[in-house]
Structure formats: structure tokens, C-alpha cells
Amino acid sequence: MPNTKNLNSLSQIIKDEINKVENKIDTANVGQVVSVGDCIATVYGLDEAMYGELIIFPGPTYGMVMNIEEDSIGVALFSNVISIKEGDLCQRTKEVVSTPVGDCLLGRVVNAIGQPIDGKGKIEAKEYRACELPAPGIMERDKVNEPLETGIKAVDSMIPIGKGQRELIIGDRQTGKTALAIDTIINQKGKDVYCVYCAIGQKNSSIAQIVNKLKQNDALKYTTIVNSSASETSPMQYIAPYTAVSIAEHWMHQGKNVLIVYDDLSKHAVAYRTLLLLLRRSPGREAYPGDIFYLHSRLLERACKLSKDLGGGSITALPIVETQAGDISAYIPTNIISITDGQLFLNTDLFNLGQRPAIDSNLSVSRVGSSAQTKIMKSVSKNLRMELASYHEMLDFSRFGSDLDKSTQKILTHGAILLEVLKQKQYMPLRMASEIIDIYVAQSGLLDDVNPSDVHSILKLLSNSLTAHHSDLFTRLETGTTFLDSDKEIIDDLVKVIKTNLNINKE
């Protein structure tokens, strides 16, 4: 029969040795990888880890705490997943995920956690800012009362955007959504507006083209690009827009105006869905997590106009959402439409008919920007949407019959000229005065007797003549509050002279 005393002694020795090992490991701050795969590491320990905290693994590889359970935590890994294996130790940094901020980021391309990827060397940042921060409260905000000029006639005249507004750009694939945003960035040159372009799930070749176009138009010097490409992990695509808005917030709190573009939040929602399904959270409607609305609302609410007491800075957000077959009633589009202050809807049919930009004036709306629109632009464009609506209605009606009365023909002729005037080439935004002149000429009916194909020739000659002989008119239109009758007479006379000299009246 075994000696009970010896067994008890042996048991006590084993327990003492186990206690010694456990005491050596600080489970509050050091954890051990239980399993790893698909950019998710399950970690035992890290008892005091916070949600959203940055965790460091061997490599070094960084991750963010996304799940906190009773016996383990789930960490979303940002990169270099292959180097991590079961049994590796990891430790807390006791800091949430942060990004470098400041003027050192202007002209740079960074990844989703603020690391440079443009080959221009290290970013010497003096300040860092947490990626996840609460939005400013109601009392910290001011009303939107200053226009953000896009340089696009159709937008500035019918769907104006104010500084501090959140205007959704929505439409099917390949309808010009990104082009609209890039033109707006290019138009901020010389207007003291900083720009942040956040690319989520895009091709690297597309981002390279955008960087090249911004360089060509001398716009990269006031722009920061945050890129999380399609080849990167879902945690990187998830954190990218929060990094971008933290970079923008730094300038906003310094009293500066910032424009931020999220391209696009459809891919961001897909990345978040992928991430949480890997973390084994149950999906909700259309397999998206139940908190997807909160995810985007806490992101977009950070764009606002601050009160004068806080410096009066602003962030204007242009989120982009891709629709399928024009279905704006789908889950993610309706979520973001309800969060934003209006939307620019790009119509596939208009795009295919050659209308650039293909903005549908019936479905597009700006709920705040009209209060920030300049008085002269408001006066010349007040009937524009109504006239375009009448044109589209009559166009549909005219397809059912060949005999049209004169009033219907007049509406169709005038509407065709309006649409032609609103056409604009990519990467060629216009100054506000030029937009006012073009809209005025179209609205006045001065071009109703010419062929639509000749409209842009007349407008170009008119702009050249005014620049050469009446340059002060541009200043009056941009700084004044009233469109003077004398200025209208100058424009009317020049248009008549140009039409006579070119002899391009309708036959």
C-alpha cells in the first residue's frame, strides 16, 4: 500500500511549483496566444485589457482588442500574421490605437494606422491622436453658414454643400462618384481648406492614379491620403476611416476647415462584417452586425462645424456609397442616408447618355447647404431644379406623341440647353463667378436658339472675353450680394455678339 504521507508531500511540491510559474507570469499585462488565423488572435490572459487597446505581438506585429470574454480576448491583427503562432506571448501597450497628426502629414500617403507608404521617409510627428474619439456635443457646434465650393456647376447651384456638412455621394459602380470627390479636392486650392482622402478597399493602381492627378493639379500639398487597399486585412480596412477623421480633427480643433472623403463606406461595412463574423459575433440583417449603424454614425458625427469659442473649425464629410442597380433602399445606403445631411445621387442612365457629372436632380438633396449658398448663386439658380424636373417630365410625355405644342417644345429646348450647360469635364472645376455666369446665361434663355453642341464654345468665348475686358466682374460676383443689372447687360451683349460673329444660331 502506497505511503499517503509521501503522496501528500509530492502533491504539495507540484502545487508550489505551479504557483511559482503562475506568479512569474503577469496575466494582467501579458497574454499567451491560444489560436491565430484569418487576422484574428485569441489570447489567454491580458485580464486588464481595454476594448480598442493596442496589443503588441512578436515581430513586432500590432493588433487591437475587439472581443472581451470571460477567459480570453479576441485581437484583430493589423499585419504580419504569418509570424505569430500558438503559444507566443503578447503584451498590453496600455494605449488605444492612435495615429500621428499634424502638418507633417500633408502631401503624404499613409496606411490605416498612420505609417508612411509613399517612400518619402519617416513621418516626424510631434503629436498623436486616438483613432476612436467621441464626437463634439451639440453645444460645441455652430450652424453651417459658409459654402464649401466644389467647382461643379450642378452641385454648387442645385445641391450646395456647406462647411461642416455631411453630404453622401451615392450611385452604382463606375458612375463618377470618386471623380466628383477628387474634383472637389482640386477646387480647394488656394481656399485654405485641408483635405483628407480615405481609400477603403480600392485597388492600389487606382490610388496611384489619384495621387498622380492631385500632383498634376498641385493639390497634393494640402492633402493627406489614408489608404487601406483591397489586398490588406479587414482590421486595416475597418480602422482606416477612424484614422483619417482623427487626422482631420487635429486641424479642425486648430480652427481650420477640413474636407474628408470616405471612398467608400460600402466596402468598410463589408470589412466590418468580415471582421465580426471571424470574431464569431452573430450577424443581423443581411448578415451585417447589429451595430453597423452605430459604427457609421459615430464616424460621421465627428464631422461638424465647431462654435467660435472652440476656434470655428470644421470638417466637411463626403462619404461615398456604392449601390447595386440603383437600389438606394438597401440596408447600408438607407443607414447612411439617415445619418447624413443630404445626398448626391449619380444616375447610371444619365451617365450612359453622356451627362457628366450624372447627378439626378430629383433624388439629390442638400438639407443644410442652401443656408450657406452665396446670395448671387441662389438668385440665379432658384428655378433650375424646377425647370429640369419639367424638362424630364415633358421628355417622357413627348415619347408618346409626335405633335407637340409650342410651350412643350420651349420647355424641351430650354431643358436640353440647361443639361448641356451643366456638363463639365473631369479635373476641371470652375471658380464660383464662372459658375454663376454659366448658370445665368442658361437660365436667361440666351442660348435657347442655338444647337446644344455649340453651347460650350459660346461659354468658353464668353469667359475669355470677360477675363480680358471685364475682369472686375468676377470679383463683384464672388464678393457681392447682388447681381447688378449693369453686369447682366455686359454678359447679355457679349453673348449676342459671340452668337452673331460665329453665326451658330439654330437653322
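Mentor: Happy to. This is a predicted model, and its chain has 16 helices and 16 strands.

Trainee: How many residues are in the chain, and what share of them is buried?

Mentor: There are 507 residues, and buried ones make up 50% of them.

Trainee: And what box do the C-alpha atoms fill?

Mentor: Taken along the principal axes, the box is roughly 120 × 50 × 40 Å. The chain exposes about 24000 Å², with carbon and sulfur atoms supplying 51% of that area.

Trainee: What about contacts in the chain, how many of those join residues at least 24 apart?

Mentor: If you take contacts between residues at least 6 apart in sequence, 73% of them join residues at least 24 apart.

Trainee: OK, charges next. How many positive and negative side chains are there?

Mentor: The chain has 53 positive and 61 negative side chains. The centres of those two sets lie 3 Å apart.

Trainee: Which domain does UniProt list for residues 151–366?

Mentor: The UniProt entry, which is unreviewed, lists that span as "domain: ATPase F1/V1/A1 complex alpha/beta subunit nucleotide-binding".

Trainee: Switching to backbone details: where are the cis peptide bonds you'd point out?

Mentor: One joins Gly-59 and Pro-60, with omega about -5°. Pro-60 is in the loop between β3 (53–57) and β4 (61–68). Another cis bond runs from Asp-263 to Asp-264, where omega is near -5°. For Asp-264, the place is the loop between β13 (257–263) and α6 (265–278).

Trainee: Which residues have a positive phi without being glycine?

Mentor: Lys-94 is one of them, with phi of about 65°. You'll find Lys-94 in strand β6, residues 89–96. Tyr-427 is another, with phi near 60°, and Tyr-427 sits in the loop between α12 (406–422) and α13 (432–444).

Trainee: Got it. How many aromatic pairs does the structure hold?

Mentor: Five. Among them is Tyr-194 with Trp-251, an edge-to-face pair with 4.9 Å centre to centre and 80° between the planes. That pair links distant parts of the chain: Tyr-194 is in strand β11 (residues 193–200) and Trp-251 in helix α5 (residues 234–252), 57 residues apart.

Trainee: Are Tyr-194 and Trp-251 buried or exposed?

Mentor: Both Tyr-194 and Trp-251 are buried. Then look at Tyr-238 and Tyr-272: their ring centres are 5.3 Å apart and the planes are at 20°, so the pair is stacked. Tyr-238 lies in helix α5 and Tyr-272 in helix α6, so this pair ties together parts that are 34 residues apart in sequence.

Trainee: And how accessible are Tyr-238 and Tyr-272?

Mentor: Tyr-238 is buried, with a relative accessible area of 1%. Tyr-272 is buried too, at 2%. Ring pairs also link Tyr-238 and Tyr-272 with Tyr-242 into a cluster.

Trainee: What about helix α7, how many of its residues are buried?

Mentor: Helix α7 (residues 292–300) is mostly covered, with seven of its nine residues buried. Those are Ile-292, Leu-295, His-296, Ser-297, Arg-298, Leu-299 and Leu-300.

Trainee: What do the buried residues of α7 pack against?

Mentor: They pack against α5, β13, α6, β14 (314–322) and α8 (331–339).

Trainee: Last one: is Lys-126 buried or exposed?

Mentor: Exposed, with a relative accessible area of 84%. Lys-126 lies in the loop between β8 (109–110) and β9 (127–130). Lys-126 and Val-101 are 25 residues apart along the chain, and their C-alpha atoms are separated by 7.8 Å.

Technical notes:
Residues are numbered from 1 along each chain as its sequence is written. This is a predicted model: local features need pLDDT of at least 70, side-chain atom pairs count only at pLDDT 80 or more; totals for chains, interfaces and linings use all residues. Side-chain values use heavy atoms; hydrogens and water are left out. UniProt positions are given in the numbering used here, feature names are shortened, and annotations may be inferred rather than shown by experiment. Helices (H or I, at least four residues) and strands (E, at least two) are DSSP runs, numbered from the N terminus. Buried means under 20% relative accessible area, exposed over 50%, partly exposed in between (1.4 Å probe, protein chains only). Contact means heavy atoms within 4.5 Å. Accessible areas come from the Shrake-Rupley method with a 1.4 Å probe; for residues, only the protein chains shown count as cover. Lys and Arg count as positive and Asp and Glu as negative; His and the chain ends are not counted. The place of a charge is taken as NZ of Lys, CZ of Arg, CG of Asp or CD of Glu. Rings of Phe, Tyr and Trp (its six-membered ring) pair if their centres lie within 6.5 Å; planes under 30 degrees apart count as stacked, over 60 as edge-to-face and the rest as tilted.
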